[in-house]
Amino acid sequence: ALVLGGWKVLYVSFEDSEVKVGQRIMQNIFDITQNELRALNKEAYAKLWKKRASGIGHNKLVIKEYSEGCINALAIKALMQELKEKRGFVPDALVIDYIGCMIPNGRPNPSENDNSKLREICAQVRSIGMEMNIPVLTAAQSNRGGYGKAELGLDDAADSFGQTMKADVIFGITQT
């Protein structure tokens, strides 16, 4: 929706490849299934592009894939600077899929637990959004208590309640 709205989006993925993320985005833009996307020939793709996405233009979406547990907020900031310098790309929004796959800035602290680390990561990523004046969208999983609930509360966030303290807005999507 952001890209269709004309926003420049940096999408950082820790779980899916750049190709897979791109395919999912195209499925949503074209409003078709994965199998339908795979079955498109060049002409059919071009026709759908013209009908649904011609207004998007170039340089609106950058997808970058990283392995889980290998980068921090400083690396994302460096990526944003590199994209600005090399491609003139300055995102209007940052999407991180998902924040629990990141590591905190600085040296690892062996006495710090996972909850504290995640709270720290959230604060560091939030600071990027504040500094760049852009929204940062990410996801978190629910804990066992939230699994299968019709309504989720802040205490149903997995890994760290601290991550909910750093968010400005939280949406819950659930299925019973």
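**Entry 1: strand β1**

I started with strand β1, residues 9–13, and found five of its five residues buried, so the strand is largely enclosed by the rest of the structure. A reminder to myself before going on: this is a predicted model.

Next I asked which residues cover each face of β1. V9, Y11 and S13 lie on one side, L10 and V12 lie on the other, and all of them are buried. Both faces are therefore covered, in keeping with a strand that has five of five residues buried.

Then I looked up the pairing partners. Strand β2, residues 61–65, pairs with β1 in the parallel sense, over five bridges. In that pairing I noted L10 standing opposite V62 of β2. Strand β3, residues 93–97, also runs parallel to β1, and five bridges join the two. Here S13 stands opposite D97 of β3.

**Entry 2: aromatic pairs**

How many aromatic pairs does a search of the whole structure find? I got two. In one of them, the ring centres of F14 and Y66 are 6.3 Å apart and the planes make an angle of 35°, so I logged this pair as tilted. F14 sits in the loop between β1 and α1 (18–30), while Y66 sits in the loop between β2 and α4, so the contact ties together parts that are 52 residues apart in sequence. I also checked accessibility here, and both F14 and Y66 are buried.

F30 and Y45 make an edge-to-face pair, with 5.2 Å from centre to centre and 75° between the planes. This one links distant parts of the chain, with F30 in helix α1 and Y45 in helix α3 (residues 42–53), 15 residues apart. Are F30 and Y45 buried or partly exposed? F30 is buried at 2% relative accessible area, whereas Y45 is partly exposed at 34%.

While I was at Y66, I turned to K64. The charged end of K64 sits over the Y66 ring, 5.5 Å from the ring centre. That gives Y66 two entries in my notes: the tilted pair with F14 and the charge of K64 over its ring.

**Entry 3: salt bridges**

I then ran the salt-bridge search over the whole structure, and it returned four. Side chains of opposite charge can pair when their charged atoms come close. I wrote up the ones below.

Which residues does D16 meet in salt bridges? One partner is K20, at 3.7 Å from N to O. Another is R24, at 2.8 Å from N to O.

D16 is buried, at 14% relative accessible area. K20 is partly exposed at 33%, and R24 is partly exposed at 41%.

Another bridge joins K86 and E82, at 3.5 Å from N to O. How far apart are K86 and E82 in helix α4? They are four residues apart in this helix, which covers residues 73–87, and that separates them by about one helical turn. K86 is exposed, with a relative accessible area of 63%. E82, at 39%, counts as partly exposed.

**Closing note**

For my own recall, I am keeping two pictures side by side. One is β1, buried on both faces and paired in parallel with β2 and β3.

Conventions
Residues numbered from 1 in each chain as written. Predicted model: local features only at pLDDT ≥ 70, side-chain atom pairs only at ≥ 80, totals over all residues. Heavy atoms only, no water. Salt bridge = Lys/Arg side-chain N within 4 Å of Asp/Glu carboxyl O. Buried < 20%, exposed > 50% of the residue type's maximum accessible area, 1.4 Å probe, protein only. Pairing = 2+ DSSP bridges. Phe/Tyr/Trp six-rings, centres within 6.5 Å; stacked < 30°, edge-to-face > 60°. Lys NZ or Arg CZ within 6 Å of the ring centre and 35° of its normal.
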